[in-house]
Each structure stands twice: as structure tokens, then as C-alpha cells.
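User: Please go through this structure with me, taking the ligand surroundings and then the strands.

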Amino acid sequence: MSTPNIERPVAATSGQPTQGPLTHDELQLAGRNHSMPLEALHDDITPAGLHYLLIHFDIPHVSPDSWRLCLGGAVSNALELDLDDLRARPAVTMPVTLECAGNGRALLQPRPLSQPWTTGAVGTAEWTGTPLAPLLEEAGLAGDAVELVFTGADRGIQGGVEQQYARSLSVADAMHPEVMLAYAMNGQPLPLQHGFPLRLLVPGWYGMASVKWLTSIEAVTSRFMGYQQAVAYHYLQGPDGPGLPVSHIRVRSLMVPPGIPDFFTRRRVVDAGPVMLQGRAWSGHGDVERVEVGIDGEWMPAHLEPAAGEFAWSSWSLVWVATPGEHVLRCRAMDSSGALQPTEQVWNYQGIGNNMAQRVEVTVR
Ligand SMILES: Nc1nc2c(c(=O)[nH]1)N[C@H]1C(S)=C(S)[C@@H](COP(=O)(O)O)O[C@H]1N2
Ligand SMILES: [Mo]
């Protein structure tokens, strides 16, 4: 099976990973899909406008008046709900750290051609919605239902396949209590770009699972083989699959780059003396247990605060006494599964899950 890379434009540049300069196609994607500026790591909650954004196709135009969510397929009681129906149901609000599976892709060498993220494809918003499990219970899943397929209103072509953006979850995964249908972000109706009027939210999983502009949930009796499920989002060593499907977020930490940036290179300039290094760390495989900061290759434990929520990042800090000269700062986290961020790249064909420890070069004056 040929497995073209997930967010790669089907254009002259698609094909093998490259060592070459950034392509026009990557630039187009980078302009549409922005990172979170790392200085936003200062705050528990990322303002919607600073939260990273990933949209494969176009933002669909959805009219809230005619919009309906259809829950059907292998169920005994198909449901059709409008936004008021969903808002009238029990509501939960939860901070959730969302990260794109492709975060770190453009730092890989060679570079898989797709959305060229460096490190900022992450954000933590306070999402409000209604839990999915009770809705599935009301719909009455058939005994032979194995998965739920979640389909968005957006449509496009990827890997030569015309499609609606769609992903599935096993019945067991979909029934997790934290999985919700979200209609608000940071206390406001979902912004258009984040899935208005409704999105799925699967806390702990990389972002691809959290289908935006949700229009239907279908219970199916065999595994869903749509493009975003069966071709994209696999850990692979080459173009041929199947590889391992991508699910939960790998442990990662990031720091607010200290001092001030150079405009063009963004290299940091810092004054000598005590500098408060701080950042955030998160994992979809359990709590963050430790964060270490590397100063010129020497690792030191950082102070770690409790997470803002079960599926939200934790804040960390460490005072560094900066001495004049050139320095390399890094950070790495370990989670309760024992996973530790690598300091060297671990390459894969789609450029997925690259949680290599961040590296910040600093000139101290
Ligand atoms: N319908 C739809 N849902 C989608 C996508 C999309 O392109 N279309 N992108 C996915 C990917 S790859 C990610 S990382 C997250 C990004 O969510 P955000 O833009 O709200 O940060 O949405 C996911 N849900
Ligand atoms: Mo993503």
C-alpha cells in the first residue's frame, strides 16, 4: 500500500522526504496553519487566537440554523440534534492540551513534506461541551458495532483521494468519559477555524482525532478505512504500510525562549545573571513526572507544578545563572509510563510524534 504523508499537498513536491529548502507548497500550508507563539506558554490557557491551527482543506461554511448532528448507523434509535439540543444536555468544561501529531516535523532530517511545523503546534484551551458516552447510550449501539465514524463538513483531496475529513474511534475509546462534543472554547462559541459549531474532542490524543465541523457520527460494524484513518497518521519507516496507527500524545516539554529575539533568526539574546527559565510539559500517556533542563549538555531537574487538569499541561521552572558567552538550552520531560523525550531525532516517514527535546541557542551579554 502506498502511504503518502498526511498533510502533504498533492503537488510536484509530494513524494520523498527532502533535505532541500522549504517549498512553496509548504509555505502555503504554513501561512494557513499557524503555531502557538512559544511566549504563550506563560499562561495556563491559550487565547483562541494564539492556539495552533490545522486545517487540511478549506474552512467549511456552516450555517448554525440549518446545521444538524446526525447520530446513526448501527444504532437502535438514530438521533438528529441541533445546537440547542446539545447545549441543553449536561455540560462539562475542561482544560485540554491539544497537539498536532506533526509537531516537530520540519526539524527532522530529511524533512517529510507536509505542514512544516517546528515546535509550536500545541495549545491548551478550556473546552465546553457535552460528554459523548451518554448520547451513544441513548442512541443504543448495536451489539456488533465496533467503531464510531466522525465526519466533518470539510471536503478536499489528499493522496489523490477525494474525501470529507473523517476519523473513527473504537467503541471503547469513544465511551471514555472525557470524550466530548465541544461547542465552546475559552467560554466563547467555537471560532470558525476551530470547528464551529461543533467538534469532537478526544483528550490525550493527538489533534487529528478531534474532528472539527462535526456533522455526523455513524456506528459501523467493521473497521473504518477512510484516508485519514487507514493511510494517514501511521508510524512508518518508508512509503509502504501499514505501520502503527497514531493515537496518544507523546510526552513533550517546551520552554519560553528567554531574553529577546533577533528579528530574522529568532536567536535569543539574554543579559547575564539569574534568568527564570519556564515552560510547560504534557503527555497523553500519563502524568508528567519530571522535567529536566539541559544547560550546555548538563541536565538539572526543574520545579514542576501540578497540571491544570487531567488532560492539560503542567508548568515548570528553573533559575539559570547566565554567564556571558554562547549557550545551548534544552528541556525534556518524563511521564508516568516511563517515557522520556529523546535528545536525538527518531525519524519516521510521515514526520509524526517528533518529541525530540527542544533546543534554544542563546547569546548571553
Ligand atoms: N474536520 C476536520 N477536523 C480536523 C482537522 C481537519 O482538517 N478537518 N484537522 C485535525 C488536525 S490534524 C488537528 S491537529 C486538529 C487541530 O485542531 P485546531 O485547529 O483546533 O488546533 O484538528 C483536527 N480536526
Ligand atoms: Mo494534526
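Some questions and answers on the ligand and on one strand follow.

Analyst: This is a predicted model, in which local features need pLDDT of at least 70 and side-chain atom pairs count only at pLDDT 80 or more, while totals for chains, interfaces and linings use all residues. Residues are numbered from 1 along each chain as its sequence is written, chains are lettered from A and ligands numbered from 1 in the order in which they are written, and side-chain values use heavy atoms, with hydrogens and water left out.

User: How far is a polar side-chain atom of lysine 212 from an oxygen atom of ligand 1?

Analyst: Around ligand 1 there are 20 residues, counted as near if one of their heavy atoms lies within 4 Å of it. His56, Asp154, His194, Arg199 and Lys212 come nearest among these. For arginine 199, a polar side-chain atom lies 2.7 Å from a ligand 1 oxygen, and for lysine 212 the corresponding value is 2.5 Å.

User: Which residue of E6 is the bridge partner of arginine 155?

Analyst: Strand E5 spans residues 147-158, strands being DSSP runs of at least two residues, numbered from the N terminus. Nine of its 12 residues are buried, that is, under 20% relative accessible area (1.4 Å probe, protein chains only). E5 pairs with strand E6 in the antiparallel sense over nine bridges, where pairing requires that DSSP finds at least two bridges between the strands. Within this pairing, the partner of arginine 155 is glutamine 164.

Technical notes: Polar contact = N/O pair within 3.5 Å; in protein donor to acceptor, adjacent residues only side chain to side chain. Buried < 20%, exposed > 50% of the residue type's maximum accessible area, 1.4 Å probe, protein only. Helix = DSSP H or I, 4+ residues; strand = E, 2+ residues; numbered from the N terminus.
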